[in-house]
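Me: I would like to learn how to read aromatic rings in a protein model. Please take me through one case.

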Amino acid sequence: MPLAAPLATVAPKSMKPNLSEPRWDAVPWQDQFGVGHATIDADHKRLFELFNEFVAAVNANSADSDIQGVLSDLLDYTDTHFDREEGLMQAHAYPDFTTHKAMHDAFVRQLHDVNSALDAGGEKGAFVLGFLGKWLTGHILGVDKKLGAYLKERGVEE
């Protein structure tokens with residue numbers, strides 16, 4: 001009777017990139033990210049803070065549970081912000097509401113999918129960092145600037 005093969009040891013799952021010294025860049029808030037609406041701008045600043053906390057936690061090689069906690073906070077605040085922004089769009093009959101909301105919905109799905117997959121391997125952490133930073137700045141400088149201009153034209157400041 002042949003001996004059973006030894007069980008392969010499974011490496012613990014981690015959210016950290018599989019690099020010896022990963023260092024990711026924070027994305028500081030810049031005035032150019034302002035859209036001219038106090039509430040939206042305050043939300044965006046908070047999203048940048050949470051993103052940068054996530055970067056700092058990964059760079060500090062924090063415990064996976066700590067990194068997961070920061071990411072969870074970021075996901076929760078993203079949902080809150082999108083709800084608030086979409087409420088403003090609806091209240092002021094924003095003509096691009098459907099397209100803008102679809103972008104939000106797609107982003108939230110991607111974030112939650114990535115969040116669920118993070119423990120599948122550390123390379124997912126690198127993906128999250130790159131994806132979040134690019135989406136956040138790109139979305140604000142693109143579609144949110146248009147929303148800000150629309151609200152300003154209608155005298156909606158807060």
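**Reading the aromatic rings**

Reply: Start with one residue. This is a predicted model, and in it Trp 29 has a relative accessibility of 24%, so Trp 29 counts as partly exposed.

Me: How many aromatic pairs does a search of the whole structure find?

Reply: The search gives 7 aromatic pairs.

Me: By what is a pair of aromatic rings described?

Reply: Two values are used: the distance of the centres and the angle of the planes. Take Trp 29 and Phe 48: their ring centres are 5.4 Å apart and their planes stand at 90°, so this pair is edge-to-face. Planes over 60 degrees apart count as edge-to-face.

Me: Where in the chain are the two partners of that pair?

Reply: Trp 29 is in the segment before α1 (38-59), while Phe 48 is in helix α1. They are 19 residues apart, and the pair links distant parts of the chain.

Me: Is Phe 48 buried or exposed?

Reply: Phe 48 has a relative accessible area of 1%, so it is buried.

Me: Which residues do ring pairs link into a cluster with Phe 48?

Reply: Trp 29 and Phe 33 join Phe 48 in that cluster.

Me: What sits over the ring of Tyr 150?

Reply: The charged end of Arg 154 does, 3.6 Å from the ring centre.

Me: What is His 37 in contact with, leaving aside its neighbours within four places in sequence?

Reply: His 37 lies in the segment before α1 and is buried, at 1% relative accessibility. Its contacts beyond those neighbours are Leu 88, Leu 151, Val 156, Glu 157 and Glu 158.

Methods. Residues are numbered from 1 along each chain as its sequence is written. This is a predicted model: local features need pLDDT of at least 70, side-chain atom pairs count only at pLDDT 80 or more; totals for chains, interfaces and linings use all residues. Side-chain values use heavy atoms; hydrogens and water are left out. Rings of Phe, Tyr and Trp (its six-membered ring) pair if their centres lie within 6.5 Å; planes under 30 degrees apart count as stacked, over 60 as edge-to-face and the rest as tilted. Helices (H or I, at least four residues) and strands (E, at least two) are DSSP runs, numbered from the N terminus. Buried means under 20% relative accessible area, exposed over 50%, partly exposed in between (1.4 Å probe, protein chains only). A charge sits over a ring if NZ of Lys or CZ of Arg is within 6 Å of the ring centre and within 35 degrees of the ring normal. Contact means heavy atoms within 4.5 Å.
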